[in-house]
Amino acid sequence: MMKQIEWYMNMIFYNVFRFDSMLHRVGNKLLDPIVRPFRFLSKLSDEEIDKAEESMFDPRDGFVSIHASWTFGTIMTLWYGSLCFFLVILICYFIQIPPGWYLYSFSGFVIGGVMGLLIDYILVLRKDNYLKYFKEFEKWSSTEKKKWAAMTTVIALLGLGIAIFSFWLLIYLDPYHA
């Protein structure tokens, strides 16, 4: 069971990394005509600059990998935080905690978010665990990559949807809300 969870978490991180890489490559292509005339200011040759730009996409320690880990951490914080937020709202409502109960639900969001970051770190980022999964995922066919990319998008949007629904539920269940 734990290996399956680890596989899914790494699959989500892989798709976040691919999406982040694609966004950075598109951004580089759009900005290149603007930046290229100013390369003469650099003491590096064009080949060295191109090599440095390509190293940004290294999964081990490139800029995109660092940015993707932040994005992945945000998604996991939103996902687990929203889920805990939602559960605490329901628990507080059903056991009839007096006014001010919404403060407990916000603490649920914080606790869930921290749990999400810890799970993210332990299962994916610790000791570059994701690299062995990246090798496996790179062997996938194009249709398989698209299928799991769509699944990752659904998971991220579901976390956002739970967060929005939880805030709506918090307002709706508030006894002082007119």
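A salt bridge is a side-chain nitrogen of Lys or Arg within 4 Å of a carboxyl oxygen of Asp or Glu. By this rule the count here is 2 salt bridges. This is a predicted model, where local features need pLDDT of at least 70, side-chain atom pairs count only at pLDDT 80 or more, and totals for chains, interfaces and linings use all residues. Residues are numbered from 1 along each chain as its sequence is written, and side-chain values use heavy atoms, with hydrogens and water left out.

**Salt bridges**
- E6 pairs with K3, their closest N and O atoms being 3.9 Å apart.
- E6 and K3 both lie in helix α1, 3 residues apart, about one turn of the helix. Helices are DSSP runs of H or I, at least four residues, numbered from the N terminus.
- E6 is buried, at 10% relative accessible area, while K3 is exposed, at 54%. Buried means under 20%, exposed over 50%, and partly exposed in between (1.4 Å probe, protein chains only).
- E138 pairs with K145, with closest N and O atoms 3.8 Å apart.
- E138 is partly exposed, at 46%, and K145 is buried, at 16%.

**Helix α6**
- Helix α6 covers residues 142-173, and its 32 residues should span 46 Å at 1.5 Å a residue. The expected span is 1.5 Å times one less than the number of residues. The end C-alpha atoms are 46 Å apart, which agrees.
- Buried residues of α6 include K145, W148, G159 and L173.

**Helix α1**
- L30 lies in helix α1, residues 2-35.
- L30 is exposed, with a relative accessible area of 62%.

Notes: Helices (H or I, at least four residues) and strands (E, at least two) are DSSP runs, numbered from the N terminus.
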